[in-house]
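Please keep the model open while you go through them.

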Amino acid sequence: MSIPVSGPGGVSSSWAMTGASAPMPPAKRMSDLFSKIDSQGGGAITKPQLATAFQTLNPPANFKAYGLDKTWQALDPGHSGSVAKDSFVSTMTGLMSSLRGYAASQNGK
């Protein structure tokens, strides 16, 4: 007989047994990343700030391969020179998903 292990709220979770924390939702991760990049709390980031993040925050390999310039073009298609948090989170969440799919298709060649 098996008894499900439930965490808070009764949701069954394998994390309860291993002690590992649940993975953070992508939008939350991107929101936290924005806050790290926007260390001055200005509410928007610039390409130089993103460049610093590329150097210091060790982005995933798929973002490194995609490159700083392409990432910035996706974030700032209107060439305004800065990106607000909401736009950053939504664009990066979508880009993260696309790059994951692209990497998987390249590995399957």
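1. Let me start with how the elements are named: helices (H or I, at least four residues) and strands (E, at least two) are DSSP runs, numbered from the N terminus. By that rule the protein has six helices and two strands, and along the sequence they follow the pattern α-α-β-α-α-α-β-α.

2. A word on the ground rules. This is a predicted model, in which local features need pLDDT of at least 70 and side-chain atom pairs count only at pLDDT 80 or more, while totals for chains, interfaces and linings use all residues. Residues are numbered from 1 along each chain as its sequence is written, and side-chain values use heavy atoms, with hydrogens and water left out.

3. Now the overall numbers. The accessible surface comes to about 7,200 Å² (Shrake-Rupley method with a 1.4 Å probe; for residues, only the protein chains shown count as cover). Carbon and sulfur atoms hold 57% of that surface. Of the 109 residues, 22% count as buried; here buried means under 20% relative accessible area, exposed over 50%, and partly exposed in between (1.4 Å probe, protein chains only). As for contacts (heavy atoms within 4.5 Å), residues 24 or more positions apart account for 48% of those with a separation of 6 or more.

4. How many salt bridges does the structure hold? There are two, a salt bridge being a side-chain nitrogen of Lys or Arg within 4 Å of a carboxyl oxygen of Asp or Glu. One joins Lys28 to Asp32, with the closest N and O atoms 2.8 Å apart. Both residues sit in helix 2 (residues 26–37), four residues apart, or about one turn of the helix. Lys28 is partly exposed at 42% relative accessibility, and Asp32 is partly exposed at 26%.

5. The other salt bridge pairs Asp69 with Lys47, at 2.5 Å from N to O. Asp69 belongs to helix 5 (residues 68–75) and Lys47 to helix 3 (residues 47–56), so the pair ties together parts that are 22 residues apart in sequence. Asp69 is partly exposed, with 46% relative accessibility, and Lys47 is partly exposed too, with 30%.

6. Two backbone angles are worth a look. Most residues other than glycine have a negative phi. Asn58, which is not a glycine, has a positive phi near 50°; this residue lies in the loop between helix 3 and helix 4 and is exposed at 58% relative accessibility. His79 likewise has a positive phi, of about 55°. You will find His79 in the loop between helix 5 and strand 2 (83–84), exposed with a relative accessible area of 67%.

7. Lastly, Ala65 in helix 4 (residues 61–66) is exposed, with a relative accessible area of 69%. Its C-alpha is 9.6 Å from that of Leu99, a residue 34 positions away in sequence.
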